[in-house]
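Please keep the sequence and the model in view while reading.

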Amino acid sequence: MSVKRAREQLELAEGRWQDAIKEHAQPPPDAGYSRRLRGLADAAAQEQAAYRYAEEQGFGWRPGPAWLPPQELRDAPWRASLAPGEVWECLDEAVEALSRARTGVSVVAIAQAFGQLSSSAWDLADAVEQRQRTRATRAS
Amino acid sequence: MAEDEYLTPTQVADELQVTVVTVRRWIANEELRARKAGPRRWMIRRSDLDRFLAGGDRFTDTAEASEDPSFSRHLVAPDER
């Protein structure tokens, strides 16, 4: 029964995750970037919970290919105008951790990496909005 | 040095927020490298734990990196392990 529940949770989480990733397919970012980042953060948090539960139910992990993030999450010249470099570095580290975990053998590493990505995407969304507010204040 | 630090299964479980039973299963499945330190006593080196979290000793051919966002296809059900 719990294995069945784990599968159901994974299916829901994976669907939401894939939808969130599709939203980031095309650069450059527009005004909806922080909203998309929060969607990604929420989806990654749901993945974290689903994989942690799956691990508790005894699921294992078969190594797969490293993961390449969609265009909008990759390094690009426009990044510096949106948020401080250290916030981007945290996102890059989280993406790298998730990519590396997919090549490994540990479900708990997958869950942790999704958690790291969720946290860093949320922080990046905060930073992007903060900079937008600062610019709006200066302009007015 | 941090790499020389040894952890008990309980410490690993606390750090990763999993049960000790889970840590023992990883050891039994040879997913997490551990050294026997006496009867019923296992110790895990910090560097082995880091390697496990980073991808494991059984790191295999990762082929080409992929944009495919599907992760769950790499899961192995308990009855397939």
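This is a predicted model: local features need pLDDT of at least 70, side-chain atom pairs count only at pLDDT 80 or more; totals for chains, interfaces and linings use all residues.

1. Which residues of H1(A) are buried? They are A:Ala6, A:Leu10, A:Ala13, A:Glu14, A:Trp17, A:Ala20 and A:Ile21. Viewed down the helix axis, the buried residues of H1(A) fall within an arc of 125°, and therefore they line one face of the helix. These buried residues pack against H2 of chain A. The other side of H1(A) carries the exposed residues A:Lys4, A:Arg5, A:Glu8, A:Glu11 and A:Lys22.

2. The largest nonpolar core holds 52 residues, and the members that touch the most others are A:Leu98, A:Ile110, A:Ala113 and A:Ala121. Two or more residues of this core are given by each of H1, H2, H4 and H5 of chain A, and likewise by each of H1, H2 and H3 of chain B. Helix H5(A) supplies the largest share, twelve residues. As for A:Leu98, its contacts beyond four places in sequence are A:Trp67, A:Ala113, A:Phe114 and A:Leu117.

3. Chain B contains three helices and four strands. Read from the N terminus, its elements follow the order β-α-α-β-β-α-β. Of the 81 residues in chain B, 21% are buried. Among contacts in chain B with a separation of 6 or more, 41% join residues 24 or more positions apart.

4. In chain B, three strands make an open sheet with antiparallel pairing, in the order S1-S3-S2. Strands S1 (6–7) and S2 (35–38) of chain B are the edge strands, since each pairs on one side only. Strands S2(B) and S3(B), the latter covering residues 41–45, are joined in the antiparallel sense by three bridges. Here B:Arg35 lies opposite B:Met43 of S3(B). As background, strands of a sheet pair through backbone hydrogen bonds, either parallel or antiparallel.

5. B:Leu7 belongs to strand S1 of chain B. Is B:Leu7 buried or partly exposed? A residue needs 20 or more other C-beta atoms within 10 Å to count as buried; B:Leu7 has 19 such neighbours, so it counts as partly exposed. Leaving out residues up to four places away in sequence, B:Leu7 touches B:Val12, B:Met43, B:Ile44, B:Arg46 and B:Leu49. B:Leu7 and B:Ala34 are 27 residues apart along the chain, yet their C-alpha atoms are separated by 9.5 Å.

6. How many residues of chain B are in contact with chain A? There are 27, and they meet 31 residues of chain A. On the side of chain B that touches chain A, the elements giving two or more residues are H3 and strand S4 (75–76) of chain B. The largest share of that side, three residues, comes from H3(B). By type, the residues on this side of chain B divide into 14 nonpolar, eight polar and five charged.

7. Strand pairing also links the two chains. Strand S1 of chain A (residues 60–61) pairs with S4(B) in the antiparallel sense over two bridges. Within this pairing, A:Gly60 has B:Val76 of S4(B) as its bridge partner.

Key:
Residues are numbered from 1 along each chain as its sequence is written. Chains are lettered from A and ligands numbered from 1 in the order in which they are written. Two strands pair if DSSP finds at least two bridges between them. A nonpolar core is a set of buried Ala, Val, Leu, Ile, Met, Phe, Trp, Tyr and Cys residues joined through C-beta atoms within 7 Å. A residue is buried if 20 or more other C-beta atoms lie within 10 Å of its own, exposed if 12 or fewer, and partly exposed in between; C-beta atoms are placed from the backbone. Two residues are in contact if their C-beta atoms, placed from the backbone, lie within 7 Å. Ala, Val, Leu, Ile, Met, Phe, Trp, Tyr, Cys and Pro count as nonpolar, Asp, Glu, Lys and Arg as charged, and the others, Gly among them, as polar. The arc is that of the directions from the helix axis to the C-beta atoms.
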